[in-house]
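The sequence and structure are shown first.

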Amino acid sequence: MELVLSAILIGIILSLFLIGPVFFLLVDTSLNKGWRSAVVLDLGVITADVLCIAAAYFGSKDFTDYVATHPKYYQIYIIAGFFVVVYGFFMYFSKPVLHLSDEAGVISRNYLRTFFNGFVMNLLNVGVIVFWFVIVSSIILKYPDPSHFMLYMGIVLGTFFSIDLIKIFLAAKLKSRITDQKVFVIRKIVGICLLIFGIIIGLKGFGFFQGIDKKIENKLNIEQNL
């Protein structure tokens, strides 16, 4: 249950809070070219995400295996916390270009070309690559079993795609309410939250909050036995 809830939360964060050029392009595509073109574009974006996830998985596998086999020197919480803090800084200080200079050229009457353009556009986004490396490394440390990892990422991408569909069909309302300035404010808020969350995770690796964790664990055990 923890795995499912955690994966859904990551999917929501990815789709709602990490707003970038893909968001505005999806909204514009839905309004100007129709929902079918927007869905095809989004499928291309998700395919690029899958490729980034695979690359991050195999790229970080040796590192996470080393961490897991040397618990005396490297605590899982410390490493995961470090990754989250790094991405928190990235979210807070980065100011990405939210509108492509040639948005019309990305969308074509040919669905295959639209899919490919969405795939390439997302694959060339450095922020996406950094995000997935942080997420994948953290997930592998917590769920080293490949089947659990695949289930986790499947739920993340499923949640991400479901929320994107809502965006596509509510494009007209979102277009008028979400401005560039609001997006940058959201990114800073998310960055601060990630920094705080990463520091808390890192401190757990140094033995902080053990009493709280113990109480929560005991309470869960009591509820399961009732």
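In this predicted model, Ile192, Ile196 and Ile200 make a nonpolar surface patch of about 250 Å². One of these residues, Ile196, lies in helix α10, which covers residues 180-205. Its relative accessible area is 47%. Ile196 therefore counts as partly exposed, because that class lies between the limits of 20% and 50%.

**Aromatic pairs**

A pair of aromatic rings is described by two quantities, the distance of the centres and the angle of the planes. The model contains five aromatic pairs. Among them are the two listed below, each of which includes Tyr57.

| Pair | Centre to centre | Angle between planes | Arrangement |
|---|---|---|---|
| Tyr57 and Phe58 | 5.3 Å | 85° | edge-to-face |
| Tyr57 and Phe149 | 4.7 Å | 40° | tilted |

The pair of Tyr57 and Phe149 links distant parts of the chain. Tyr57 belongs to helix α3 (residues 35-69), Phe149 belongs to helix α8 (residues 146-169), and the two residues are 92 residues apart.

Which residues form one aromatic cluster? The cluster is formed by Tyr57, Phe58 and Phe149.

**Burial of the aromatic residues**

Are Tyr57 and Phe149 buried or exposed? Both residues are buried. For Tyr57 the relative accessibility is 13%, so this residue falls under the 20% limit for buried residues. Phe58, in contrast, has a relative accessible area of 63%, and it is classed as exposed because this value is over 50%. The edge-to-face pair thus joins the buried Tyr57 to the exposed Phe58.

Technical notes
Residues are numbered from 1 along each chain as its sequence is written. This is a predicted model: local features need pLDDT of at least 70, side-chain atom pairs count only at pLDDT 80 or more; totals for chains, interfaces and linings use all residues. Side-chain values use heavy atoms; hydrogens and water are left out. Patches are made of residues with over 30% relative accessible area and no salt bridge: like charges are joined within 9 Å, nonpolar side chains (Val, Leu, Ile, Met, Phe, Trp, Tyr) within 5 Å. Accessible areas come from the Shrake-Rupley method with a 1.4 Å probe; for residues, only the protein chains shown count as cover. A salt bridge is a side-chain nitrogen of Lys or Arg within 4 Å of a carboxyl oxygen of Asp or Glu. Helices (H or I, at least four residues) and strands (E, at least two) are DSSP runs, numbered from the N terminus. Buried means under 20% relative accessible area, exposed over 50%, partly exposed in between (1.4 Å probe, protein chains only). Rings of Phe, Tyr and Trp (its six-membered ring) pair if their centres lie within 6.5 Å; planes under 30 degrees apart count as stacked, over 60 as edge-to-face and the rest as tilted.
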